[in-house]
Amino acid sequence: MRMAALIVASALFMQNLDSTVVATALPTMAKAFDVSPVTMNIAITSYLVSLAAFIPASGWVADRYGARAVFRAAIIVFTLASVLCGVSQSLAMLVAARILQGLGGAMMVPVGRLLLLRRVGKTNLVAAMSWLTMPALLGPVIGPPVGGFLVTTLSWHWIFDINIPIGIVGVLLVTRFIREDERTDPGQFDFVGQILAGIGMAGLIMGLSSFGRGALPPSAAVVLTVVGALGALGYVLHARHHAHPLLDLTLMRVPTFAVSVYAGSLFRIGIGAMPFLLPLMLQLGFGFSAFQSGLITFISAAGALVTKPVARPMLQRFGFRSVLSVNAGISAVVLGLTATFRPGWPIIAIYAVLLIGGVFRSLQFTAYNTIAYADISPERMSRATSFYSTLQQLSITLGVTVGAAALAVSGAIAGKPHPRLADFSVAFVVVALFMVPAALLALRLPASAGDEMSGHATARR
């Protein structure tokens, strides 16, 4: 179990790191391709659109061709695309390679999770999901300082080249340690659903991310968001009348899955804003360099490492419902404390708040990612992973949008063209408030929810 979890976690770390490290290198890459830094944002948006468009199909593809084979192929595609990114001689070539990378990433995330769910018994699932939580938390905070270091000391090509050895080792380990799984008949591929879901996800993620990053004019971002919303609505109407929809909306009738989706999405909105807001606040409000801010934000990732050995004991002692409700409230308070950061704070105090926040955040993600599958039958597991991964990607993107919007509104009210420290404080409070309903939604879980996974029932006896 541990080897499989490490293999999947390493692949997911590669994908999460890559999705954030590129942003740091955009100015340097813009000079290399003789384009403006704003134009270079297409290197990020093309990847996000490809990722969003293909994630919904991952469950069907895994059932049809086998999760192990698809996961290994996804690593190969992602690695080869990284090579093409590194040797790109034009922006058009880079965009094409990034789209190919997005296809590989779209299959790696949900299919890697599916591999674990099919191989790990429910009693070991908490430990396995602890490993998968770390890449999601480490990638966004490690990406900027790693990207800055590679671009400064070597060249922008290295931000893609670092994926090559990880990918090669990953393919070898999958071949050696993960056994082949049985293929199933998932029914006819839902082409109409793929088109509608692809338009919905691509439009929403590209439009919403543009609001946060300023990659597109506001009017274009609005149009994309509206098109995405219409695509998503079209998919919902389509799925109600399709025997085998690409994203199975009936999964929301499973209480544990529904609570994890609703509460987890609200929680991820708050957390998704942090990698965007915190570095900006440290650079614009504190006057730190990009590298200095990266070293500070990195400390929150250490919480993921600290949490792994305590996740199962905590869930065994208190159960999923108590941990998810209380921990969400604590996480909201700790994130809200970030709003009080000021240049006069001792650096050790800032480290302490970020480290504590990382611990509670990691525990919360581990619990969400585990309880979501507590009552999902084996034959529906692939559909559950693709559905869950789709909404994860959307909620994290929405977090950046909410944080950026709060920052902009606060600045507009004050009549200031550039964000002030007070504006960042407002933005952190706003995103922290999104996490409060997550604590209340967790109370809808039965007291015994996930006991088979956590061992909580045994602890009570």
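## Thr256 in helix α11

Thr256 is found in helix α11, residues 255–285; helices here are DSSP runs (H or I, at least four residues), as strands are (E, at least two), numbered from the N terminus. This is a predicted model, in which local features need pLDDT of at least 70 and side-chain atom pairs count only at pLDDT 80 or more, while totals for chains, interfaces and linings use all residues. Residues are numbered from 1 along each chain as its sequence is written, and side-chain values use heavy atoms, with hydrogens and water left out.

Thr256 has 3% relative accessibility and therefore counts as buried (under 20% relative accessible area; exposed is over 50% and partly exposed in between, with a 1.4 Å probe and protein chains only). Its side chain makes a polar contact of 2.9 Å with the side chain of Asp375. A polar contact is a pair of N or O atoms within 3.5 Å; within protein, one must be able to donate a hydrogen and the other to accept it, and residues adjacent in sequence count only if both atoms are side-chain atoms. Apart from neighbours within four places in sequence, Thr256 is in contact with Ile371, Ala372, Ala374, Asp375, Leu445 and Ala449, contact being heavy atoms within 4.5 Å.

Helix α15 covers residues 421–442. At 1.5 Å a residue, its 22 residues should span 32 Å, and the end C-alpha atoms are 33 Å apart, which agrees; the expected span is 1.5 Å times one less than the number of residues. The buried residues of α15 are Leu421, Asp423, Phe424, Ser425, Ala427, Phe428, Val431, Ala432, Met435, Ala438, Ala439 and Ala442.

Ser425, in helix α15, has a relative accessible area of 11% and so is buried. The side chains of Ser425 and Arg342 are joined by a polar contact of 3.1 Å. With neighbours within four places in sequence left aside, Ser425 is in contact with Ala339 and Arg342.

Helix α3 (residues 58–65) packs against helix α4 (residues 67–86) at an angle of about 120 degrees, with the axes 6 Å apart. The axes are lines fitted to C-alpha atoms, for helices over the stretch in contact, and angles run from 0 to 180 degrees between N-to-C directions. This makes α3 oblique to α4: angles under 35 degrees count as roughly parallel, over 145 as roughly antiparallel, 65 to 115 as roughly perpendicular and the rest as oblique. Val61, Ala62 and Tyr65 of α3 and Ala67, Ala69 and Val70 of α4 make the contact.

Gly66 sits in the loop between α3 and α4. With a relative accessible area of 0%, Gly66 is buried. Leaving aside neighbours within four places in sequence, Gly66 is in contact with Val61, Asp181 and Arg183. The C-alpha atoms of Gly66 and Met29 are separated by 38 Å, at 37 residues apart along the chain.

Gly231 lies in helix α10, residues 218–239, and counts as buried at 8% relative accessibility. Gly231 and Gly112, 119 residues apart in sequence, are 27 Å apart in space, C-alpha to C-alpha.

Leu337 belongs to helix α12, residues 290–337. Its relative accessible area is 37%, so Leu337 is partly exposed. Leu337 and Leu354 are 17 residues apart along the chain, and their C-alpha atoms are separated by 9.4 Å.
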